[in-house]
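Welcome! Let us take a short walk through this structure together, one stop at a time.

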Amino acid sequence: SDGKGPMETAELFINSLLLQQQQIVWFGLVTFLGLVILIATYHGRTLFLQWHSLNHRWAGAALLSWLLYGSWHAVNIAVTASTTTRSSTNDEGNQDNKNNNFWFWYNVILGLLGITTAVTAARDFPHKYVRNKVGQSGALSQTAIVTQAEMVEHAFYQGLNLWQALYLHFMTQTTTITTNAASKNNNYQYYFSSIGIRLIALWVVTAPWYVRKQFPVHSFSNNWKNEQKGARHKETIMYKIKKWQYVFYKHVILHGLNITVCIQPHRFNNHNNNNTSQWQLFWICLNAAYVLEFFLQSLVKRKILSQSTMLILNQWLMIVSSMAAMQSVLQTVMWPICLASVALNFSHRHHDVFNTMIVAVVAQGLLFCSVFY
């Protein structure tokens, strides 16, 4: 009756579902952060105004506030863009440049705050004397305590987040001609120059894995080995979920996305640079997940939260983060690359830089053959 064919109707339905999913992420993330900050503020004197470890307390307060501010700003930009009409292409370009500049500095500060919070926690608290049972991790456990080694390991991954944010910004800003454009002009010289720069950038962003062994390593699987069903069965399930979330993070969000952006930068530009709010909400979810599992466990140890409430809040953040990843990352990455990264991880372990570069070079070679021949 409305003249739309089945394909158009299906597309409208899918777009409607994606919009609803995005709105759920907006509401879920802002509500979660607001609730955590409300609890923290209510107990602010205990959490943030004690002289002992004051640097860490203030760094944590700044990080929580920065996460909430970024979430609110991303939602505000998205809502404003959907309810206003820009008068010209120049206005649109100027606004995009302002947003890109804002998010660049926001992500730099977010990364620095994450590293500072982890490092000050490792330095200021006497957790280096903590000895949990073999294999136990303190992030979700009711009985174990977060150790200094876990905080130092956490600082490594916070550094990776900052390093990847700089890499993605560099690739977005400096790659102006894609592989297809180069092949259209039959410009072999430019093609090889461009891919050379991008491969160097990929090596640089992956290079921190050379020093991974210098940081503590904790295995998720150690948390459920020899674990029996009982009071901690729910924790065991969540550790198993986190194990596979980590595999997804490492080979899709990290290596998979980095390689994809290296060999086909337009995929990231098309899916995310034109919708920075959607990408930023995911990035904020990722950074929030890294730090808040430790903070929520601290609230349990201080009797501010119950163990069950802490697990519910962690599940809430898991769901919101997963939905945000489905919107931003899954549409961008090249899945054969992610699967190759996983395969090499299990067959050639502890060689992340070599594995990543091999996958990138082979994928780029196959792409070159398909474009020029």
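Helices here are DSSP runs of H or I with at least four residues, numbered from the N terminus. Keep in mind that you are looking at a predicted model.

Let us begin with helix H10, which covers residues 276–301. H10 has 26 residues and reaches 37 Å from its first C-alpha to its last, close to the expected 38 Å. Along the way, H10 bends by about 35° at Leu-292. Most of H10 is covered, with 23 of its 26 residues buried. After H10 comes Lys-303, where phi is positive, near 65°.

Next, find Leu-29 in helix H1, which runs over residues 6–42. Is Leu-29 buried or exposed? Leu-29 counts as buried because its relative accessibility is 0%, and the cut-off for buried is under 20%. Setting aside neighbours within four places in sequence, Leu-29 touches Ser-71, Leu-281, Ile-284, Cys-285 and Val-320. Trp-72 is 43 residues away from Leu-29 in sequence, yet their C-alpha atoms are 9.4 Å apart in space.

Our last stop is Arg-57, in helix H3 (residues 54–83). Arg-57 is buried but has no salt bridge. The nearest side chain of opposite charge belongs to Asp-124, 7.8 Å away, while a salt bridge needs the charged atoms within 4 Å. What does lie by a polar atom of the Arg-57 side chain? The backbone oxygen of Gln-50 is 3.4 Å from such an atom. Beyond its neighbours within four places in sequence, Arg-57 is in contact with residues including Thr-46, Phe-48, His-52 and Arg-302.

Note on methods: Residues are numbered from 1 along each chain as its sequence is written. This is a predicted model: local features need pLDDT of at least 70, side-chain atom pairs count only at pLDDT 80 or more; totals for chains, interfaces and linings use all residues. Side-chain values use heavy atoms; hydrogens and water are left out. Helices (H or I, at least four residues) and strands (E, at least two) are DSSP runs, numbered from the N terminus. Buried means under 20% relative accessible area, exposed over 50%, partly exposed in between (1.4 Å probe, protein chains only). Lys and Arg count as positive and Asp and Glu as negative; His and the chain ends are not counted. A polar contact is a pair of N or O atoms within 3.5 Å; within protein, one must be able to donate a hydrogen and the other to accept it, and residues adjacent in sequence count only if both atoms are side-chain atoms. Contact means heavy atoms within 4.5 Å. The expected span of a helix is 1.5 Å times one less than its number of residues. The bend at a residue is the angle between axes fitted to the seven residues ending there and the seven starting there.
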